[in-house]
Amino acid sequence: MTDDSGAEGPQPGAILTTNAEIQHDEEFDNSQITTESASDVRRGRLRVALLGTSFLLLFSAYNGTQNLQTAVNGKLGYWSLACIYAPLSFFNPFTPLILNKISTKWATILSATTYVLYIGTNIRIIPALYFISSILLGVGACILWAAQGVLMSGYSTAETMAFNTSIFYGLHSLSNVFGNVASSIFFQIGLSTSTVFIILTCLAAGANGSFFLLSDVTSEDISKGGTLKNLLLATIVLFKDKRFLLMTPLGLFLSFHKCLFWATVPALIGKDYVGFIIACGGVVLSLGSFVGGPLINLMGRARVILLGGIFGILSQGLLAIVLLFGITKIWWFAALVLLQACTECLFEVLVMSTIGLLWPQRAAGFSAWRLFIFFFLTVWFMTAPWIPSWVLVVSAVITLLPGLFAFVYLANHIPSPNPQAHKKLIEMTPTHTETHSSSPAEPGTPTALPKQEQAPEPEPEQEPHPPTDTN
């Protein structure tokens with residue numbers, strides 16, 4: 001039996017006789033892992049940077065469009081957002097099947113095309129086409145983000161997951177700056193709404209071409225060649241996973257949070273200044289995303305989630321004040337969006353990197369999370385025109401507090417980011433039911449490594465009777 005480096009490893013019943021042999025084997029294995037991972041880390045970060053840049057270009061066009069929906073199209077904008085996020089919820093379990101039929105790279109390219117179509121229908125609103133393109137965008141977004149999760153975890157190791165997630169979301173978050181500033185400038189210089197959407201459509205079409213440069217990654221769901229039933233179950237079964245259930249209170253908070261700051265706040269600001277205000281938040285969102293990964297490595301996940309919770313409470317409190325006193329001054333909205341950006345950047349990096357660790361290189365984990373988030377987000381978008389905004393604010397605060405405690409508990413059960421832990425983590429995901437851990441639902445439990453550190457039990461060595469042939 002040999003390990004990955006080619007060195008002969010111990011057989012299941014063998015005993016290492018000296019500490020020197022153990023130390024030699026561990027040093028050899030660790031040096032080999034370091035040598036192999038050095039080039040992988042550099043290559044992975046370049047691929048993550050390219051992926052993030054592609055999303056930056058595409059979402060510069062889309063975010064500039066989305067943040068104008070309620071400000072320009074009124075109730076139609078709310079319903080369009082609901083039409084987008086409904087498929088994002090219900091189609092998510094099918095995304096592993098799509099990735100099973102076409103490569104992850106081509107799934108990314110085809111799904112990005114739906115963004116181009118949606119932005120184009122805003123040039124002149126024809127309700128039927130407008131809502132159909134919204135639904136298609138929701139389906140495309142399901143596939144796009146599931147593919148993104150597979151690509152990210154394929155480009156990363158457990159050691160680089162948090163940092164690479166920061167790179168991606170830092171670049172992606174810059175789209176809130178470029179897209180929204182551009183749309184506001186276009187309106188300030190007197191361009192018509194139709195002209196603005198023509199420019200944004202052309203930008204999205206050009207951005208789609210950059211996805212052809214991506215390196216492909218095969219999902220673990222795909223490599224197992226699952227049937228439709230198995231691929232759906234791979235997503236749905238996670239709703240019984242203790243780790244996933246611990247993340248759901250925070251998911252509820254994020255659904256309220258996104259509805260308020262994607263629809264309610266832009267409508268309060270108005271189309272002339274919404275781009276500039278959202279762009280200010282985009283700068284913080286981008287910088288915070290870049291810092292989020294190193295911050296997780298420095299402070300630990302538990303402390304970072306608590307920091308994000310502080311920003312979340314402050315942002316909801318300030319929004320409550322704005323709604324209660326009818327404040328319309330632009331600086332209040334700027335402060336409000338900045339706090340929202342701090343909350344979202346920390347939570348996004350934290351949640352996505354955590355899912356990447358718990359269910360590495362599998363679309364099912366990301367699909368299940370987005371199914372949960374976007375189901376409730378769809379409900380809030382559909383009902384927001386008739387529900388007082390303060391109800392959403394209170395609901396957000398109520399769900400945030402248990403979400404923080406649950407995620408802190410979960411964070412304490414995630415292993416340290418190192419190559420050996422990542423290898424064991426992959427071996428102990430729920431699809432590998434044959435693992436020797438005491439609980440397959442706890443991949444963060446360091447079972448194999450401590451066993452190697454503990455000296456083999458002497459009892460088998462002192463057995464007086466030799467092995468006999470039972471035939």
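Predicted model: local features only at pLDDT ≥ 70, side-chain atom pairs only at ≥ 80, totals over all residues.
Residues are numbered from 1 along each chain as its sequence is written. Local features need pLDDT of at least 70, side-chain atom pairs count only at pLDDT 80 or more, totals for chains, interfaces and linings use all residues, and side-chain values use heavy atoms, with hydrogens and water left out.

**Overall picture**

The chain has 19 helices and zero strands. Both are DSSP runs numbered from the N terminus: helices are H or I with at least four residues, strands E with at least two. Of the 471 residues in the chain, 51% are buried. Buried means under 20% relative accessible area, exposed over 50%, and partly exposed in between, with a 1.4 Å probe and protein chains only. Take the contacts between residues at least 6 apart in sequence: 85% of them join residues at least 24 apart. A contact means heavy atoms within 4.5 Å.

**Helices H3 and H6**

H3 covers residues 75–90 and H6 covers residues 127–155. They pack at an angle of about 35 degrees, with axes 7 Å apart. Axes are lines fitted to C-alpha atoms, for helices over the stretch in contact, and angles run from 0 to 180 degrees between N-to-C directions. The crossing is right-handed. That term applies if the near helix is turned clockwise from the far one by less than a right angle; anticlockwise is left-handed. H3 contributes residues including Trp-79, Cys-83 and Pro-87, while H6 contributes Tyr-130, Phe-131 and Gly-138, among others. By class, this contact has 13 nonpolar, four polar and no charged residues. Ala, Val, Leu, Ile, Met, Phe, Trp, Tyr, Cys and Pro count as nonpolar, Asp, Glu, Lys and Arg as charged, and the others, Gly among them, as polar.

Buried residues of H8 include Asn-176, Gly-179, Phe-186 and Phe-187. In H14, Arg-301, Gly-308, Gln-316 and Val-322 are among the buried ones. The buried residues of H14 pack against H12 (242–269), H13 (271–299), H15 (330–358) and H17 (389–411).

After H8 comes Gly-190, with a positive phi near 95 degrees. After H14 comes Gly-326, whose phi is also positive, near 65 degrees.

Ile-185 lies in H8. Its C-alpha is 8.4 Å from that of Phe-276, 91 residues apart along the chain. Gly-317 belongs to H14. Its C-alpha is 9.3 Å from that of Leu-336, 19 residues apart along the chain.

| Residue | Relative accessible area | Class |
|---|---|---|
| Ile-185 | 39% | partly exposed |
| Gly-317 | 31% | partly exposed |
| Cys-342 | 17% | buried |
| Cys-345 | 4% | buried |

**Cysteines**

How many disulfides does a search of the whole structure find? It finds zero. A disulfide is a covalent bond between the sulfur atoms of two cysteines. Here it is counted when the two sulfur atoms are within 2.5 Å. Cys-342 is in no disulfide, and its nearest cysteine sulfur is that of Cys-345. The sulfur of Cys-345 is 5.7 Å from that of Cys-342, too far for a bond.
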